[in-house]
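I opened a new page for this chain today. My plan is to go from the whole fold down to single residues.

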Amino acid sequence: MRLELVSFVLCPFVQRAVIALREMGVAHAVTDIDPDDPPDWFRAISPFGKVPLLRVGEAVLLESAIINEYLDEVYPPRLARPSAAGSVVEDFRPRFLEHYGGKGGWLSKDAG
Ligand SMILES: N[C@@H](CCC(=O)N[C@@H](CS)C(=O)NCC(=O)O)C(=O)O
């Protein structure tokens, strides 16, 4: 399956996916865009207009953490198991931070 990472060179969230792809040795293409002036083809496939976006064949994956979970699921070796932190609960704590941090609210009550 052809993988294409849609990227913006200064984006730290993109780097999260780049690190996973490189560490796993997964072949992929990178297409850089400017998210402040995205091309029409990107607008058409990205409901929130954010990078990274991973094209997997004809399908599209969004969100750096979810992209990395997909990569970890599909390409060996598994990075997430066994627990790197020594406890599966500790492994899931970053997902809480991703959920709230990704909304820009961190620990705000309004983060939803
Ligand atoms: N929670 C997202 C955040 C991605 C994100 O905010 N990317 C920025 C670039 S670093 C972006 O695309 N911004 C464009 C916009 O918000 O319109 C993720 O982890 O993938």
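**Entry 1: the whole chain**

I began with contacts. This is a predicted model, and I kept that in mind throughout. I took contacts between residues at least 6 apart in sequence, and 54% of them join residues at least 24 apart. Next I looked up burial. Of the 112 residues in the protein chain, 13% are buried.

Then I listed the secondary structure. I found 4 helices and 4 strands. Read from the N terminus, the order is β-α-β-α-β-β-α-α.

**Entry 2: the sheet**

In what order do the strands lie in the sheet? I traced it as β2-β1-β3-β4. The sheet is open, and its pairing is mixed. I then checked the edges. β2 (29-32) and β4 (59-62) stand there, and each has a single partner strand, so one side of each has no neighbour in the sheet. I also looked up the angle between neighbouring strands. They are turned by 25° against each other on average, with direction ignored.

**Entry 3: strand pairs**

I took β1 and β3 next. They run antiparallel and are joined by 4 bridges. I noted two residue pairs here. V6 has L53 in β3 as its bridge partner, and L3 stands opposite V56 in β3.

V56 came up again on the β4 side. There, its bridge partner is A59. β3 and β4 are also antiparallel, with 4 bridges between them.

I followed the hairpin of these two strands. It has 2 residues between the strands, and G57 takes a positive phi near 60°.

**Entry 4: the core**

Which residues make up the largest nonpolar core? I counted 11 residues: L3, L5, V6, V14, A17, L21, V51, L53, L54, I67 and L71.

V6 and L53 are bridge partners, and both are on the core list. L3 is on that list too, and I had already placed it opposite V56.

What is V51 in contact with, leaving aside its neighbours within four places in sequence? I found V6, S7, F8, C11, V14, I33 and P35.

Notes. Residues numbered from 1 in each chain as written. Predicted model: local features only at pLDDT ≥ 70, side-chain atom pairs only at ≥ 80, totals over all residues. Core = buried A, V, L, I, M, F, W, Y, C linked by C-beta atoms within 7 Å. Buried ≥ 20, exposed ≤ 12 C-beta atoms within 10 Å, placed from the backbone. Contact = placed C-beta atoms within 7 Å. Pairing = 2+ DSSP bridges. Axes fitted to C-alpha atoms, helices over the stretch in contact; angles between N-to-C directions.
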